[in-house]
Amino acid sequence: MARVHRWLHGELEDWQAEGLIDSRQADAIRTRYPLGASADWGRLVLSAIGAVIIGLGVILFFAYNWDDMPRLVKLSVIFAGLIAAHGGGWWAARQGRSRSSVEAAHLLGTTLFGAGIWLVSQAYHIDPIEPDPLLVWGIGALATAWALLSIPQAFAAVGLLVAWTLHDMQWHSATIDLSPSALLALGVLPLALLRRSKPLVLLTTAALFVLVPMGVLPGIEDVALLLIFCQAVALVALAELAERFGRPEVVPIRALGYLVYLPMLFALTFADAWRLVMGLDSEPGVAMSVTAVACGLVGFAIWVSRRLEQRIALGVTGAAVAYYAALHLNIVTSFDGWWLVLPFNLALAGHGVLFILDGSSRRSWPRISIGCLVLFALASARFVDIFDSLLARSLAFLIFGVALVAVGRFVHRHDIRSEAAHD
Amino acid sequence: MIKHAVLFVLALELLFLGSLGLDQEILMRTGESVVLRTTPVDPRDIFRGDYVILRYDVNAVGAAGLRDGLAGEPAADGERVYAVLEPIPGSDDLRRLAYVTDVRPDEGTFLAGRVGRPPGWVPRPVGGLAAHYGIEKLFVEQGRGWEIEERRGRRDGMQIPMEVELAVAADGDASIRDFRWSPMGVTLEVVRADERPPTDDGDGDGDEAARAPTVCVTLHNVGDVPRWVIDPGGASGSHCSFHLASADWGGDAMRTATSECRGITMDADALHRLAPGESYSVTLDLDAARWDVVDDDGVVDLATRLAGNGAAIRMVYRPDPAWLAGLDPSLGEAIWTTELYTPSFGLAGRID
């Protein structure tokens, strides 16, 4: 929104020069659409990174483990540093200092907390440290994030908790563990929504996207790809829902969803790949459960979507997934031929067209480019493998090409009629 | 409200760090002092960054060293275990592993640990277990780690055990207080080894047995004062202070069938004075009858015993405390009476 306001303010001078509006009208517009206080993001980011690097320097200093410094002196220094950093941030906030100074001080404090954990373990030769130091450090950052309602602290918490998960997985990869995901979902996501922070929502969602499959993988390796597919559909659906309810900070997760959904859909257009992705060789109970979830999520995405074209594309995907659910239940037993993957081809083509049309109406070249890429990839893949008969293949391409031209003309006429009706 | 909240978080962080450190500080000040000797280095010890990996006899325990629920049943990773310690004869403060149990002892000195590989690489003995006790990492100033590695030695050179002082709590938790170096080092050299496995030469006489290696064990005085080592039977080649031991820790030393050392008395030739920097070497032909071992099947030569189960062994210098009775009391602590282990080696003479 701020970007739009900046554009508007930039246009006002030209409009005045061209005589479209007078100075009084220009002032009224500026008042109605203010620029708002400058976030000074550059200073905040540099201060935050600088504080973290100072903290890392402190960690390295104590990692040197200078023998001449008594243990209690080392501990006293770190304790004093921790109090000074957080205390300094608290004092700066009370004095009304800039947000960047306050955040930098508290980030330094969080980094020193981590340094303190490592230093105590080093001073007393503790190994292993229990509970896991990365977990404790991450929880400390999360607690500080909530205490300050701070986005930078939340970023630090996400990074530390992801690092903890990856580190912990080395020793416990055989057990199902969703605690890291729960910590992020219940600890960080609410803060991101409260602060309406797009970057934090996106980062946390991306982290969850990776951690959830990792957490359940020991139990359901064979349907891992299907689980990831479900997650991607869920993100698309949630983004649609967020847009409906006026939560623009959540909408960017749609891009993450499509980033995974489209390539997987593309994979499902290949007859050889669908068996792998859909987990048909896995234990029936597990595969059926996950397939049912996939169907449910696609249905949910269809329900929340407001655009007919998107509903159609998702609907075709849902029908295909439901078909595979029927395969698991042995309701359908035959699964040979292109008719199995045809729905996925149609769904992918539909999404490609949708992106082009949507991009065209919004004047969004990235969307148009994605749509073109999808259709190009689909056409390239099918040019060599759809139908054994070259005659049938030729017919399919002719029909598809004509359909695309027809859709373009139909939409163009529909837009002209809509503009005329508006006028 | 936000301003108070961040102070509350700060207080919690200080409390966590304080409790982490306080626990250890109390243990350091009030825990029972126990000294454990590190085991011989194998090539898989890794010095990483700013800490030295320590290995003790309690870390890799053979089947003979397991008791109660651990005997005969494989232990699960993460299971709680207790390493019971016993004094090493001839030493005031050194301890060694007596056995490992899953039942917490009611008395005595023991270390509480968990089943699982300690830092670095430790082979799990066949039928035994690997465990860690939180005392396997010694954090040192940058650069000192290499000094310690060098002094501790390598498999084909002189090895000097570190003697690590621990603070041990009543519940078995332990923390490293300090360390010192053993005043005696040891070197193992394989003089001759038969690398051929036992084969059937087709002449109907059965398998052609392999030979046990001939090794040279050297004891070095790396301290500042003269020391004496005891080795009766040196002139006859019996070298009664040297014994065979399984490469796996725990359990008793391997029994030999020889009677050469039974009832042997100390004479002038049995005592060897080593000035600082001096060494005492013995060459041991392990294929000789002197080293035939006694096991459940009776008396077998060492080569047959090692070939049968592919086991590795160690040599250990361990004089009989009874020999001290006839010695000059003024020598006192200058006589080296505590045990000293070599690295392990196999039938083919490969040192681990």
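What follows is a chat about helices, sheets and aromatic rings in a predicted model.

Q: Hi! Before we start, what kind of model is this?
A: Hello! This is a predicted model.

Q: Okay, helices then. How do helix 5 and helix 6 of chain A cross?
A: Helix 5 of chain A covers residues 99-123 and helix 6 of chain A covers residues 133-148. Their axes come within 9 Å and cross at roughly 155 degrees. The crossing of helix 5 of chain A past helix 6 of chain A is right-handed.

Q: Which residues of helix 5 and helix 6 of chain A meet?
A: From helix 5 of chain A, the residues in the contact include His106(A), Phe113(A), Gly114(A) and Trp118(A). On the side of helix 6 of chain A, Val136(A), Trp137(A), Gly140(A) and Leu148(A) are among them.

Q: And by class, how many nonpolar, polar and charged residues has that contact of helix 5 with helix 6 of chain A?
A: There are eight nonpolar, six polar and one charged residues in the contact of helix 5 with helix 6 of chain A.

Q: What about helix 3 and helix 5 of chain A, are they roughly parallel or antiparallel?
A: The axes of helix 3 (residues 41-63) and helix 5 of chain A come within 8 Å and cross at roughly 20 degrees, and therefore these helices are roughly parallel to each other. The crossing of helix 3 and helix 5 of chain A is right-handed. By class, their contact has 16 nonpolar, six polar and three charged residues.

Q: Switching topic: how many aromatic pairs are there over all chains?
A: The count comes to ten aromatic pairs over all chains. In one of them, the ring centres of Tyr258(A) and Tyr261(A) are 6.0 Å apart and the ring planes stand at 65 degrees, so this pair is edge-to-face.

Q: Where do Tyr258(A) and Tyr261(A) lie?
A: Both lie in helix 11 of chain A, which covers residues 253-268. Tyr258(A) and Tyr261(A) are three residues apart, about one turn of the helix.

Q: Now chain B. What order do the eight strands of the open sheet have?
A: The order is 3-7-6-4-5-1-9-10, and the pairing is mixed. Strand 3 (60-61) and strand 10 (174-181) of chain B stand at the edges with a single partner strand each, so one side of each has no neighbour in the sheet.

Q: Who partners strand 3 of chain B?
A: Strand 7 (residues 129-132) of chain B runs antiparallel to strand 3 of chain B, and two bridges join them. Val61(B) stands opposite Leu129(B) there.

Q: What does strand 4 of chain B form with strand 5 of chain B?
A: They form a hairpin with six residues between them, and Gly90(B) in the turn has a positive phi of about 90 degrees. Strand 4 (residues 80-87) of chain B also pairs with strand 6 (residues 110-115) of chain B in the antiparallel sense, over five bridges. In that pairing, Val84(B) has Phe110(B) as its bridge partner.

Q: Which helix lies across strand 9 and strand 10 of chain B?
A: Helix 2 (residues 144-152) of chain B does, running at about 60 degrees to strand 10 of chain B.

Q: Last one: what order does the open sheet of three strands in chain B have?
A: The order is 17-15-22, with mixed pairing. Strand 17 and strand 22 of chain B stand at the edges. Strand 15 and strand 17 of chain B run antiparallel and are joined by four bridges, with Val229(B) opposite His272(B).

How values were computed
Residues are numbered from 1 along each chain as its sequence is written. Chains are lettered from A and ligands numbered from 1 in the order in which they are written. This is a predicted model: local features need pLDDT of at least 70, side-chain atom pairs count only at pLDDT 80 or more; totals for chains, interfaces and linings use all residues. Side-chain values use heavy atoms; hydrogens and water are left out. Two strands pair if DSSP finds at least two bridges between them. Axes are lines fitted to C-alpha atoms, for helices over the stretch in contact, and angles run from 0 to 180 degrees between N-to-C directions. A crossing is left-handed if the near helix is turned anticlockwise from the far one by less than a right angle, and right-handed if clockwise. Contact means heavy atoms within 4.5 Å. Ala, Val, Leu, Ile, Met, Phe, Trp, Tyr, Cys and Pro count as nonpolar, Asp, Glu, Lys and Arg as charged, and the others, Gly among them, as polar. Rings of Phe, Tyr and Trp (its six-membered ring) pair if their centres lie within 6.5 Å; planes under 30 degrees apart count as stacked, over 60 as edge-to-face and the rest as tilted. Angles under 35 degrees count as roughly parallel, over 145 as roughly antiparallel, 65 to 115 as roughly perpendicular and the rest as oblique.
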